[in-house]
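This report concerns the aromatic rings of one protein model and their surroundings. Please consider the sequence and structure shown here.

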Amino acid sequence: MNLPEKFFIKTAAYRTIINDRDNDSFAHAYLLICSDETYLRAYVRAFAKAIMCEKGGLCGECRFCKLIDKESFCDCEFYPSEGSKPTTEGIDLIVGEKCFVKPLEAKLKMFCISGAEQMNLPSQNKLLKTLEEPPKNVIIVLGATNTFTLLPTIKSRVRKLEIPAFSEEEIIDVLSPSFPDKIKLKKSAALADGKPGEAEKIYNSFDTEKTSDECVSILKGLKKSPDIARYSLILQKKSRDEFAAFVSSMRIVVRDLLLIKEGKKELLINFDKEADLALLEKKYDEGALLEFCDDLDKAANAVNNNGNQTMLADKLLFALLEENYRWQKS
């Protein structure tokens, strides 16, 4: 069982689909909602295996499971190809010709569409016609990171299931056998916002120690307005993923400062930086830190929605400086 599957079996979505299978009460279409973009496609594969597995569940050993893992099972098609976005032509092919081809080996025919939130309006309208008059023995699975862009008529014709955020403890427990650096894993889990795929990505892709050091350095060095331009230039040069990691890391550093103010040092994530954090705690007012937490939350959402990185960097640094000055004067 791979890592995404170890998380998937903990969810109500897994229990629901197993119950539907045991009672032969499958819906003709499911919408699997998961904000963890890194693991979304793997969750969709796990969902398909839970339906198709010859032994029941997620055995990973039967022929159907092995073929689904490779996305090469004739009765369970995945679309679009990994790393691509759905196209109108592709959706048209699925709901036009392929939907009416009888399964060759299994009892059911499945079509799994990952990144469904990226479907344009013509694609959704083509899909809607099939959802309104679903072919017999066909199950359509939509995997989406959010539902904002999906038509209400599509959402009303699918059974919605959600992969929730996981606790830091759950993420660490499942990932720890595969990721031996416990300190790095703890920080990665804390930065992941309940997304195990994001925690794995952070652990493998980013130097969490370096990013935390950078956050501490900015908090130390930001004193006057001219400092904003200097630090903003550094942040603007980051890639989107690096900037997102910086925002997440800064949220954890600010959280640690608030914990010190509350006398809860034993809960620090950056416990190896306690001396630096103790100095910063004296520099920043509690009210300013709380308001800056809100600013960081908004920035995290903006980054996920491809917000302008230059504007976000300037706005964050200005907010930190201004809010601390205002609270110190009050």
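Y14 is buried, at a relative accessible area of 17%; buried means under 20% relative accessible area, exposed over 50% and partly exposed in between, with a 1.4 Å probe and protein chains only. The model is predicted: local features need pLDDT of at least 70, side-chain atom pairs count only at pLDDT 80 or more, and totals for chains, interfaces and linings use all residues. Residues are numbered from 1 along each chain as its sequence is written, and side-chain values use heavy atoms, with hydrogens and water left out.

F8 is buried, with a relative accessible area of 0%, and F47 counts as buried at 1%. Rings of Phe, Tyr and Trp (its six-membered ring) pair if their centres lie within 6.5 Å; planes under 30 degrees apart are stacked, over 60 edge-to-face and the rest tilted. By this rule there are 10 aromatic pairs. Two pairs that involve F8 are given below.

| Pair | Centre to centre | Angle of planes | Type |
|---|---|---|---|
| F8 and Y14 | 5.6 Å | 75° | edge-to-face |
| F8 and F47 | 6.4 Å | 65° | edge-to-face |

F8 belongs to helix α1 (residues 3–8) and F47 to helix α3 (residues 40–52), so their pair ties together parts 39 residues apart in sequence. Helices (H or I, at least four residues) are DSSP runs, numbered from the N terminus. Ring pairs link F7, F8, Y14, Y30, Y39, Y43, F47 and F166 into a cluster.

Charges also sit over rings, which requires NZ of Lys or CZ of Arg within 6 Å of the ring centre and within 35 degrees of the ring normal. The charged end of K184 lies over the ring of Y203, 4.9 Å from its centre, and that of R230 over the ring of Y231, 4.4 Å from its centre.

Conventions:
Helix = DSSP H or I, 4+ residues; strand = E, 2+ residues; numbered from the N terminus.
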